[in-house]
Amino acid sequence: VHIMKRIFSTSTSFYRAGLTGVLSSLLMLFLMPMSTAFAQSNAYVRVIHASPFVGTADVFVDGQKLLSSFQFASVTDYVAVPAGVHKVQVALLGKGINASVISQEMTVQPGNAYTIAALGSQPTALSLQAFVDNNQVLPNRAKVRIYHLAPDAGNVNVSVGEESKLNAMSYPDASEYLNQDAGPCTISFS
């Protein structure tokens with residue numbers, strides 16, 4: 001799994017707008033189309049590290065290490081995962097599976113794509129949240145989905161292009177897909 005490098009500073013001045021803005025920009029689905037011929041026995045999962053309280057972490061699925069040195073604000077590519085129930089554990093880097101700060105069962109259905117976000121508004125309230133993705137895109141079109149994963153940002157207003165507006169998105173939430181013409185698009189947050 002290829003993990004993206006740290007995209008922005010975690011300083012307070014960039015935290016609120018940065019996490020929401022960077023994640024939404026990364027998740028413009030026209031940049032990551034998937035085949036419509038899903039294998040019947042697999043689901044497709046990508047992971048977002050959206051909890052500043054976890055720090056750099058190792059991620060285990062069903063007792064096996066899936067990700068190592070997974071940094072805050074990183075997003076993985078999609079990987080095929082057998083459909084069904086899986087135990088997902090997140091531990092601080094090098095501490096091992098027995099020191100997990102998140103341990104949660106996640107169910108994935110065959111043929112579906114998911115974004116799973118490691119979340120937490122405080123160190124004692126960490127969890128995983130799954131969002132079902134729809135990555136099928138029509139020719140010359142793009143779909144944009146905004147994920148509000150910044151716990152201290154409050155409600156966020158988002159403009160996508162000149163026509164699409166999302167008002168008062170709350171943490172943690174994902175928008176419906178916004179259909180846009182393919183090409184450059186301005187995304188604004190307030």
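The following conversation sets values against their definitions.

Guide: This is a predicted model, in which local features need pLDDT of at least 70 and side-chain atom pairs count only at pLDDT 80 or more, while totals for chains, interfaces and linings use all residues. Residues are numbered from 1 along each chain as its sequence is written, and side-chain values use heavy atoms, with hydrogens and water left out.

Visitor: How many helices and strands are in the chain, and what makes a run count as one?

Guide: The chain has one helix and 15 strands. Helices are DSSP runs of H or I with at least four residues, strands are runs of E with at least two, and both are numbered from the N terminus.

Visitor: What makes strand 11 and strand 12 a pair?

Guide: Two strands pair if DSSP finds at least two bridges between them. Strand 11 (residues 156-160) and strand 12 (residues 164-169) are joined by four bridges, so they meet this criterion, and they run antiparallel. Within the pair, V156 stands opposite M169, and S159 stands opposite K165. Three residues lie between the strands of this hairpin, where G161 takes a positive phi near 70°.

Visitor: Why are strand 12 and strand 15 called edge strands?

Guide: They belong to an open sheet of three strands in the order 12-11-15, with antiparallel pairing. Strand 12 and strand 15 (187-189) each pair on one side only.

Visitor: What makes a set of residues a nonpolar core, and which members of the largest one touch the most others?

Guide: A nonpolar core is a set of buried (under 20% relative accessible area, 1.4 Å probe, protein chains only) Ala, Val, Leu, Ile, Met, Phe, Trp, Tyr and Cys residues joined through side-chain atoms within 4.5 Å. The largest here has 19 residues, of which V45, V90 and L128 touch the most other members. Strand 1, strand 5 (84-92) and strand 8 are among those supplying at least two residues each.

Visitor: Which residues are in contact with L128?

Guide: Contact means heavy atoms within 4.5 Å. Leaving aside neighbours within four places in sequence, the partners of L128 include V88, V90, I102 and Q104.

Visitor: How much of the chain counts as buried?

Guide: By the cut-off already given, 42% of the 190 residues count as buried.

Methods. Buried means under 20% relative accessible area, exposed over 50%, partly exposed in between (1.4 Å probe, protein chains only).
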